[in-house]
Amino acid sequence: MTLNKKNSINNILEESRIFPPSKEFSKNALIKDFKELIKLKEAAKKDSNKFWDDYAKSEIDWFEPYQTVLDDKNAPFFKWFPEGKLNISYNCIDRHIKNGLSDKTALIWQGEPGDDKTFTYSELLEEVCKTANGLKSIGVKKGDLVCIYMPMIPEAMFAMLACARIGAQHSVVFGGFSSESLKERLIDGNAKFVITADGGYRKDKEIELKNAVDLALEAGANEIVEKVIVVQRIKKEIYMDSSRDLWWHELLQNQDKWCEPEIMNSEDRLFVLYTSGSTGKPKGVVHTTAGYNLWSHLTFKWVFDIKKDDIYWCTADVGWITGHSYIVYGPLSNGATTLMYEGVPRASNLGAFWEVIQKYKVTIFYTAPTAIRSFMKSGREIPDKYDLSSLRLLGTVGEPINPEAWIWYKNVIGKDKCPIVDTWWQTETGGIMVSPLPGAVNAKPGSATFSLPGIEVSIVNKDGEEVNSNEGGYLIVKKPWPGMMRTIHGDPDRFKKSYWEFFPMKDKKYVYFAGDGARIDSDGYLWIMGRVDDVISVSGHRLGTMEIESALVSHESVAEAAVVGRKDSIKGESIVAFVSLEKNFQKSLNLINELKQHVVNEIGIIAKPEKIIISDALPKTRSGKIMRRILRSLASGQKISGDISTLEDSSVLEKLKEDS
Ligand code: WT7
């Protein structure tokens, strides 16, 4: 079948080609064929306690054993392995050293300006211990929350693992977020400590991270934050407050190279990570120690089919869950070699990724569909200049991949020999939930295929009833799993209601609602259809439309704002904002640019609207609700269809069309 140009995101449902892994790949894979996968899935279904118990015992090292696998007494606040004691930094480092991997490379780091470093497992242990001791010396205690606002440098990984080692929770905030967003997260999490850098490199610019921390503190977070540790990265003159700010290198200079790992309970918090939802306020997703350790470990092992000599590279930022689970915890818990890259492809170096693959002979490569689509656009001549023959497995994450991009990835990057794992999951799920196991599943481009063993998914209608195959509906997970989020920091009620009580509960059974629409085809393959709530995905970055609207209305000129996503052939979606102005303000190009910048200042560069339409007519129902459906059609230049009889004033449509 030839590729149909129209076979893009809209039409993924029509895709029917099947791509089996090569015999060679399957033969060497951990899970070698579909039968084996089904056997595992059935074993998990039959006796899930035994299934999880076996893996928890064989894959995780415990300081003290647990007696209970799953405690569901206080559902949906499930507890996993509650009596167990462990430390995830021990599982990510020490145990490998005990098993003879001291000199194996744990981390390969490639810096943006061309500098690089590698760390063996024993060197990693030293760095993490020194960092842990440094944190202790300034008063960080078990349970404290440490915010990490850093570029993609090794110290970000050391900081995360050092927190875990001493039992502090980390809250990593992506370095692209603005000082306002940082402030909000510092205050919500009650962060007493911040680890940052003098700056970072992003594309061909320098970003001023420490300056953003200063602004966040100035704006109110100074009431909470006691100390700020600063890594010297870009060696820029920066302001240092002598009573509060410390240089990382000075703090660590004389620290001991050994730090005893804290004995943690299974359900002690490991980290909080903020993500967008359908309200204006980001939610602090809470993950705990044992369940997260097991799930990030096991999913990494299954999905990436890791072998001892693999050089594995995930291009995400540690500020996202993908970086947590698949740059840091999953790979290290498996004793793998993980690569961290400070840069991103940019106009001045479109071959940046391929250069890294060639230089380090990367074997497993995990990236986002948006990146693949932009590579496609700039042509295969660029990757074709590099030696990519080391690759044996490719992955994608974060958004649906259109079949055209999937095929390009397979042919041009994977030279037709690498299976592709399209992995569906979320910040909340802790690890991958739906993905082909590369040696066992025949892939269909655009489908994330099947749920992993132990994960039972289903598609339901709004009453919670299962729909027929090929019918679209809401994607749910029918049972708790070890890596699931435990709560929303400070808002357990919202956790319960929005994730576990979304549908009428049948037989008092809790099911998890992910927020995505999906369909299962007649062969049992799962097709994700996108968010069904007010969350949009721009270049795979998750943003709440309400968050952007709140940012807009916080500007003095804005009376009302409505934000919608518009389909974008590279970014998946782009942001279009409809804005009405306060009385004394006039529409102008200057104001539009000022509003765009205002959103950047309030949230961060990832939330910059592509287009702002100023109009004093926003379509509303008689009860005053903005009709987003109409705005979505307008934003994407489509005809307004469907019922518009609830519109309060139909003349706004003509007016809006003129203004758009
Ligand atoms: C949302 C979660 C998973 C880590 C990165 C994003 C979308 C994620 C896929 C995929 C289609 C996907 C969903 C999900 N999503 N992976 N393979 N195919 N959609 O984590 O920021 O928590 O976002 O990303 O809509 O709900 P996140």
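User: What do buried, exposed and partly exposed mean here?
Analyst: Buried is under 20% relative accessible area, exposed is over 50%, and partly exposed lies in between (1.4 Å probe, protein chains only). This is a predicted model: local features need pLDDT of at least 70, side-chain atom pairs count only at pLDDT 80 or more, and totals for chains, interfaces and linings use all residues. Residues are numbered from 1 along each chain as its sequence is written, and side-chain values use heavy atoms, with hydrogens and water left out.

User: Okay, F19. Buried or exposed, or partly exposed?
Analyst: Partly exposed, because its relative accessibility is 23%.

User: And W406?
Analyst: W406 is at 1% relative accessibility, so it counts as buried.

User: How many aromatic pairs are there in the whole structure?
Analyst: The search finds 49. Rings of Phe, Tyr and Trp (its six-membered ring) pair if their centres lie within 6.5 Å. Planes under 30 degrees apart are stacked, over 60 edge-to-face, and the rest tilted.

User: Why is the pair of F19 and W406 called tilted?
Analyst: Their planes meet at 50 degrees, so the pair is tilted; the ring centres are 5.1 Å apart.

User: Where do those two sit in the chain?
Analyst: F19 is in the segment before α1 (23–28), and W406 is in helix α15 (residues 403–413). They are 387 residues apart, so this pair links distant parts of the chain. Helices (H or I, at least four residues) and strands (E, at least two) are DSSP runs, numbered from the N terminus.

User: What about F300 and F304?
Analyst: Also an aromatic pair, tilted, with 5.4 Å centre to centre and 45 degrees between the planes. F300 is buried at 0% relative accessible area. F304 is buried at 0% too.

User: Which residues form the aromatic cluster?
Analyst: F51, W52, Y55, W62, Y66, W80, F81, W295 and W302.

User: Which ring does the charged end of K444 sit over?
Analyst: The ring of Y525, 4.4 Å from its centre. The test: NZ of Lys or CZ of Arg within 6 Å of the ring centre and within 35 degrees of the ring normal. R185 lies over the face of F177, at 4.3 Å from the ring centre.

User: Switching to strands. What order does the open sheet have?
Analyst: β21-β22-β24-β25, 4 strands with antiparallel pairing. The edge strands, β21 (457–460) and β25 (526–531), each pair on one side only. Two strands pair if DSSP finds at least two bridges between them.

User: How many bridges join β22 to β24?
Analyst: There are 4, between residues 473–477 and residues 512–520. I476 stands opposite F513 in β24.
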